[in-house]
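Student: I have a model open and would like to talk it through. Could we take it one question at a time?

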Amino acid sequence: RYGLPGEPDLAWAATVEAAVRTAGGDVALGATVLGLWLDGGSTLAAVMLPRPPPRLRLVRPAAVLVCAGGTAVPPAIEDGDRPGVLWGRGLAVALAEHGTVPGTSAAVLGEGAEAEALAARLGAAGMEVEQVASATRVLGRARVKGLVREDAGRVECDVVAVVAPPAPATDLARHLGAETFFDPAAGAFAVRADERGRTGVAGLYAAGEVTGAMGGARAAEAGRRAGEAARG
């Protein structure tokens, strides 16, 4: 959807949605899960539906599959919190859904297929783009003015687009007692799950980046296996 490697296949997602509705299931796209907890042995999920007027809905599912992904991580470099240092995936969403570009020139900080794809999309949108594998410092005070590369070279830019593994969003799973572990590749704690997404908590499954650094086809395959296990 956003032109980055490993983005979900929307045609496949539409097929799954149609199958769920045909089987009598309820699909609430874009809903926000406010919390998960155990109540008398049953898993509960409080969901805020996006349709106006806002309202809360209490769901008692037989199983919960957490695919919460992760949250942006600022680059661990000097002045990496300056205005204009932005999460690459957020920029991709803004560009795809609203045609928004964040400035005139961007340094894409990161390596791999995702960084290359983001650089290509921002360049196609009219920005001057340079991809930088690693850096030591962001330049500027009120706004980004440049980036110092690892080799001490300088990149002139008004945006730094960070492409790096996100920190797994473990909160919901931890509320239900799921175990976490430190994943060196993600640089953060992730939900521990086996190859079928089982967390050790009855009825709770997890898949994708919430279980550690992965993406693209690997995350999609993990989600498929966990979904089949949750279905029983």
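Student: How many helices and strands does the secondary structure of the protein come to?

Tutor: Happy to start there, and keep in mind that this is a predicted model. Counting the runs along the protein, the secondary structure comes to 5 helices and 16 strands.

Student: Which residues that line the second largest pocket are the closest to its centre?

Tutor: Good one to click through! The second largest pocket has a volume of about 240 Å³. Of the 18 residues that line this pocket, the closest to its centre are Pro75, Ala76, Val162, Val163 and Ala164.

Student: By class, what does the lining of the second largest pocket have?

Tutor: Let's sort the lining residues by class. The lining of the second largest pocket has no charged residues; its make-up is 15 nonpolar and 3 polar.

Student: Is Phe182 buried, exposed or partly exposed?

Tutor: The protein has 1 aromatic pair. Phe182 and Phe189 form this pair, at 5.5 Å centre to centre with 75° between the planes, an edge-to-face arrangement. As for accessibility, Phe182 has a relative value of 44%. Because that value lies between the 20% and 50% cut-offs, Phe182 counts as partly exposed.

Methods: Residues are numbered from 1 along each chain as its sequence is written. This is a predicted model: local features need pLDDT of at least 70, side-chain atom pairs count only at pLDDT 80 or more; totals for chains, interfaces and linings use all residues. Side-chain values use heavy atoms; hydrogens and water are left out. Rings of Phe, Tyr and Trp (its six-membered ring) pair if their centres lie within 6.5 Å; planes under 30 degrees apart count as stacked, over 60 as edge-to-face and the rest as tilted. Buried means under 20% relative accessible area, exposed over 50%, partly exposed in between (1.4 Å probe, protein chains only). On a 1 Å grid over the protein atoms alone, a cavity is a set of points where a 1.4 Å probe fits but cannot get out, and a pocket is an open set with protein on both sides within 12 Å along at least five of seven lines; lining residues have an atom within 4 Å of a point. Grid points are joined across faces, edges and corners, and a volume is the space filled by probe spheres set on the points. Ala, Val, Leu, Ile, Met, Phe, Trp, Tyr, Cys and Pro count as nonpolar, Asp, Glu, Lys and Arg as charged, and the others, Gly among them, as polar. Helices (H or I, at least four residues) and strands (E, at least two) are DSSP runs, numbered from the N terminus.
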